[in-house]
Amino acid sequence: MNSSIHGLFLAELEAFCKEQGQPAFRAKQIWDWLYVKRVSSADEMKNLPAPLRELLADHFSFQCLEKLETKGAPGETQKLLLKLADGELIETVIIPAPRRQSNTVCVSSQVGCRFGCAFCASGQKGVVRNLSAGEIVGEVLEVAKMLGGRPDNVVFMGIGEPFDNYDEVLRAIRILNHPDGLCIGARRITISTCGVVSGIQRLADEGLQVELSVSLHAPDSEVRSRVMPVNETWPLEELMAACADYTAETNRIITFEYTLIKGLNDSEAQAHQLVKLLRKFSCRVNLIPLSPVEEFDGERPDAETMKIFLETLEKAGINTTFRDSKGSALKAACGQLRARRL
Ligand code: SF4
């Protein structure tokens, strides 16, 4: 199977052209066809000589995924089920923000996930394989095709743990971010991790302005281990130390995700514990009421309990947003379209 052309850096395309006896400027033309005009075959690259078009078609794949199913209507949140060249399935989500007139695409980074968070459908059957950078970029291009333009934001919150596929995710980000291509600003790209400390440490040294979001879901290690097995590998204390180093090194604000689950992590005392944990951080907190999924029998707290939790954080000066439905529901439900077909 040919590798995806969307996984190459511009410099690698230049090297390919050079190897084939073509001038370097051809690579820039190809890049433009791929990411500005967004064609889906070498044949459509009209300003390239026919032999080069043939070479490209022989060496690379231009379409590494196929859309099998779309849930939701245009203009609303839409969830796509995509089939990869080897038959594996992933999900990609389009989340429009009509007031801001922007669209966010939530991409998968792996087929399945090995982290097994209790409330997430994606991790229930383990990981099958990593996605290549070309496949990840392919998700964004598929969405661009549907929207008739490139999306404004990309979040790595779909199936998989991005730091468990670090190299391909970072490669994809650099391709998406390229100023002569899709040009999606680094600050408009969010990596969301369940708490893979080694990934946070590596990212701190990349010199990239991407956003980092860390899923906490509990204010102490004991409760966290009950819903997030990753806490056994990287306990909360270690995670928070890595986050502190990350903010010190990069000067960037981390967003902490906290899913509120009735009777597990939603008490006022736990809100105070969370305040204590985050007080020294310059951070944001997203509070997300649990969206019920078949795989987990937890429930969302009642409105009053959530209000008290939110106010406790706000009173302590922590920048907190309450996020219901859309992305949050989709996060909990992420992997369900795929799971239905397994
Ligand atoms: S929430 Fe993320 S890390 Fe946890 S199982 Fe689901 S995909 Fe994996």
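# Helix packing and buried side chains in a predicted model

Q: In this predicted model, how are α4 and α5 oriented to each other?
A: Start with the geometry: the axes of helix α4 (residues 133–147) and helix α5 (residues 166–177) come within 8 Å and cross at roughly 45°. Roughly parallel would need an angle under 35 degrees, and roughly perpendicular begins at 65. The α4/α5 pair is therefore oblique.

Q: In what kind of crossing does α4 pass α5, and how do the residues of that contact divide?
A: As for handedness, α4 goes past α5 in a right-handed crossing. On the α4 side the contact uses Ala-133, Ile-136, Val-137 and Val-140, while α5 brings in Glu-168, Val-169, Arg-171, Ala-172, Ile-175 and Leu-176. Sort these contact residues by type and you get 8 nonpolar, no polar and 2 charged.

Q: How many of the 11 residues of α2 are buried?
A: Go through α2 and the buried residues are Arg-26, Ala-27, Gln-29, Ile-30, Trp-31, Trp-33, Leu-34 and Tyr-35. The cover over them includes α1, α3, α4 and α5. α2 is largely enclosed by the rest of the structure, because the buried count among its 11 residues is 8.

Q: What arc do the buried residues of α3 cover around the axis?
A: The buried residues in helix α3 (residues 50–59) are Leu-52, Arg-53 and Leu-56. They lie on the same side of α3, because the arc they cover around the axis is only 100°.

Q: Which exposed residues does the face of α3 turned away from its buried side carry?
A: First, the buried side: the cover over the buried residues of α3 includes α1, α2 (25–35) and β2 (60–61). Turn to the face pointing away from that buried side, and its exposed residues are Pro-51, Glu-54 and Asp-58.

Q: How is α10 oriented relative to α11?
A: The axes of helix α10 (residues 268–278) and α11 come within 9 Å, with a crossing angle of roughly 25°. The cut-off for this class is an angle under 35 degrees, so α10 relative to α11 is roughly parallel.

Q: How do the residues of the contact of α10 with α11 divide?
A: From α10, the residues involved are Glu-268, Gln-270, Ala-271, His-272, Leu-274 and Val-275, and they meet Ile-308, Phe-309, Thr-312 and Leu-313 in α11. The residues of this contact split into 6 nonpolar, 3 polar and 1 charged.

Q: Which residues is Leu-310 in contact with, leaving aside its neighbours within four places in sequence?
A: Leu-310 belongs to helix α11 (residues 303–315). With a relative accessibility of 17%, Leu-310 falls under the 20% cut-off and so counts as buried. Its C-alpha atom is separated by 9.7 Å from that of Asn-286, 24 residues apart along the chain. Leaving out neighbours within four places in sequence, the contacts of Leu-310 are Leu-287, Thr-320 and Phe-322.

Q: Is Phe-115 buried or exposed?
A: Phe-115 is in the loop between β7 (110–112) and β8 (127–130). Not counting residues up to four places away in sequence, Phe-115 touches Glu-161, Asp-164, Cys-194, Val-196, Pro-229, Val-230 and Trp-234. Its relative accessible area is 8%, so Phe-115 is buried.

Q: What is the relative accessible area of Arg-38?
A: Arg-38 is not a glycine, although it has a positive phi of about 50°. Its place is in the loop between α2 and α3. Arg-38 is partly exposed, with a relative accessible area of 29%.

Q: What is the relative accessible area of Gln-101?
A: Gln-101 is another residue other than glycine with a positive phi, near 50°. Look for Gln-101 in the loop between β5 (89–97) and β6 (102–106). Exposed means over 50%, and Gln-101 is exposed because its relative accessible area is 71%.

Conventions: Residues are numbered from 1 along each chain as its sequence is written. This is a predicted model: local features need pLDDT of at least 70, side-chain atom pairs count only at pLDDT 80 or more; totals for chains, interfaces and linings use all residues. Side-chain values use heavy atoms; hydrogens and water are left out. Axes are lines fitted to C-alpha atoms, for helices over the stretch in contact, and angles run from 0 to 180 degrees between N-to-C directions. Helices (H or I, at least four residues) and strands (E, at least two) are DSSP runs, numbered from the N terminus. Angles under 35 degrees count as roughly parallel, over 145 as roughly antiparallel, 65 to 115 as roughly perpendicular and the rest as oblique. A crossing is left-handed if the near helix is turned anticlockwise from the far one by less than a right angle, and right-handed if clockwise. Contact means heavy atoms within 4.5 Å. Ala, Val, Leu, Ile, Met, Phe, Trp, Tyr, Cys and Pro count as nonpolar, Asp, Glu, Lys and Arg as charged, and the others, Gly among them, as polar. Buried means under 20% relative accessible area, exposed over 50%, partly exposed in between (1.4 Å probe, protein chains only). The arc is that of the directions from the helix axis to the C-beta atoms.
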